[in-house]
Amino acid sequence: DVVTVSVESPPSKPTISTTGSAALCGGTVILAAPTGFASYLWSTGETTEQITVSTVGSYTVTIANAGGCGTATSDPFVVIGGTAKPSVTMVGTNKFCEGQTTTLVGPVGFNSYKWSSGETTQQLTVNAAGSYSLQVTTVAGCTSTASDAIVIVVDPIPAKPIIVASGATNFCAGEKVTLTGPAGFSYTWSNGATSQEIIVSETNSYSLVVKNSNSCFSTLSESVLVTATICSTNPPIIEDKPIRTSVQGKATVPLAELFSDKDNDVDLSSFEILQTTLVSGITPVIENNNLILDYQGKLFAGDETINVEICDLAKNCTEGELLIRVSGEVVVYNAISPNGDGLNETLYLEYIDLLTETKQNRVRIFNRWGDVVYDAENYNNSSIAFKGLGTNGEVLPPGTYFYRMDFSSGIPFKTGYFSLRR
């Protein structure tokens with residue numbers, strides 16, 4: 001008899017397939033082995049031709065043919081998961097002023113993005129109030145749940161401020177006007193002021209920005225042009241009062257005290273001295289809007305004048321004289337020693353022959369008993385001076401003597417005492 005023998009080959013390595021996406025995306029995936037085999041053994045332990053999985057992982061299947069001539073195992077089939085709820089970061093703040101923006105940033109590495117506002121970029125620039133969230137989709141097509149919402153608050157900015165002027169903004173130099181911004185804000189004026197009102201007197205263009213309680217700034221106001229026009233017709237007036245200083249003194253007089261002007265527009269920078277040297281020999285100096293008259297080292301007393309000129313802003317000028325009155329008191333050196341050594345030979349009454357009000361004088365000297373021992377008129381420290389001798393030329397003894405000075409000008413008399421030494 002003939003015996004027929006069938007030789008059966010072992011199965012080839014099977015390939016696992018799926019009817020849809022290999023990503024779970026929150027559901028399940030059906031894995032299928034090739035049909036027509038006698039047995040199936042999945043890495044999960046299941047023995048059906050198809051299995052349904054709901055867990056991310058790597059799956060294999062081993063098949064066997066009907067003759068039992070061997071088995072074959074597939075390559076691993078990887079089931080991937082979906083994606084977690086995305087986290088959104090913010091560049092900036094969720095509360096800002098109208099006209100500003102903030103940026104919301106989604107995570108990197110996804111196939112697509114969809115914001116609740118409809119935009120599909122990874123980053124979203126936001127300039128409007130609202131609640132913003134994000135969904136992302138993986139390469140496998142899995143779409144996440146929406147991110148936590150970010151609430152954006154946009155504070156309104158103040159309306160463009162209107163500046164109100166208290167009067168005319170075109171006026172004569174020396175006048176002024178008050179400019180006022182709207183109430184209830186913080187203020188920044190173009191000149192740096194921060195008050196609601198500013199008082200201005202100079203030609204300039206003034207504008208204002210205000211800030212509300214949310215620290216939001218308005219747009220810049222319309223400018224207000226203030227014009228101070230030089231329109232005076234009255235020239236400055238030189239004050240009719242003397243500048244006073246003492247003998248060998250120094251006077252520093254603010255120029256503003258020397259002049260007046262009905263239009264209040266004296267231009268101190270125009271002040272000019274029309275003579276360089278005075279009778280006394282001093283040279284007046286202008287420094288930091290002060291007139292400086294330095295008589296130090298000058299033995300001068302009396303009145304002298306200085307010719308000056310001053311103008312206003314409209315170039316109306318006045319030329320005239322300033323009176324300088326240099327005065328002082330007689331200074332008594334209270335000891336003499338008429339011994340021929342050339343030192344302190346006479347009673348020195350400093351300035352008595354220099355001061356106008358003391359030149360005409362009478363000087364009397366008394367001894368300690370009240371007797372007049374010396375009497376002279378128009379004492380001058382040189383040709384008429386007490387040298388330790390009495391009126392009749394007698395030599396007076398050492399001791400303490402008393403003096404009295406009387407003046408024809410009517411100023412009070414002066415008394416005192418001195419020592420006579422031999």
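I started with strand β2 (residues 29-32), which runs antiparallel to β4 and is joined to it by four bridges. Strands here are DSSP runs of E with at least two residues, numbered from the N terminus, and two strands pair if DSSP finds at least two bridges between them.

A note on what I'm looking at: this is a predicted model, where local features need pLDDT of at least 70, side-chain atom pairs count only at pLDDT 80 or more, and totals for chains, interfaces and linings use all residues. Residues are numbered from 1 along each chain as its sequence is written, and side-chain values use heavy atoms, leaving out hydrogens and water.

Next I looked up who faces whom. Ala32 sits opposite Gln50 in β4. On the β1 side, two bridges join β1 to β2, again antiparallel, and Thr18 stands opposite Leu31 in β2.

Then I put the sheet together: it is open, has three strands, and goes β1-β2-β4 with antiparallel pairing. β1 (17-18) and β4 are at the edges with a single partner strand each, so one side of each has no neighbour in the sheet.

Which residues of β4 are on its covered face? I found Ile51 and Val53 there, while Gln50 and Thr52 are on the uncovered face of this strand (residues 50-53). In a regular strand the side chains alternate between the two faces of the sheet.

Last stop: Val331, in strand β34 (residues 331-332). Val331 is partly exposed, at a relative accessible area of 36%; that class lies between buried (under 20%) and exposed (over 50%), using a 1.4 Å probe and protein chains only.
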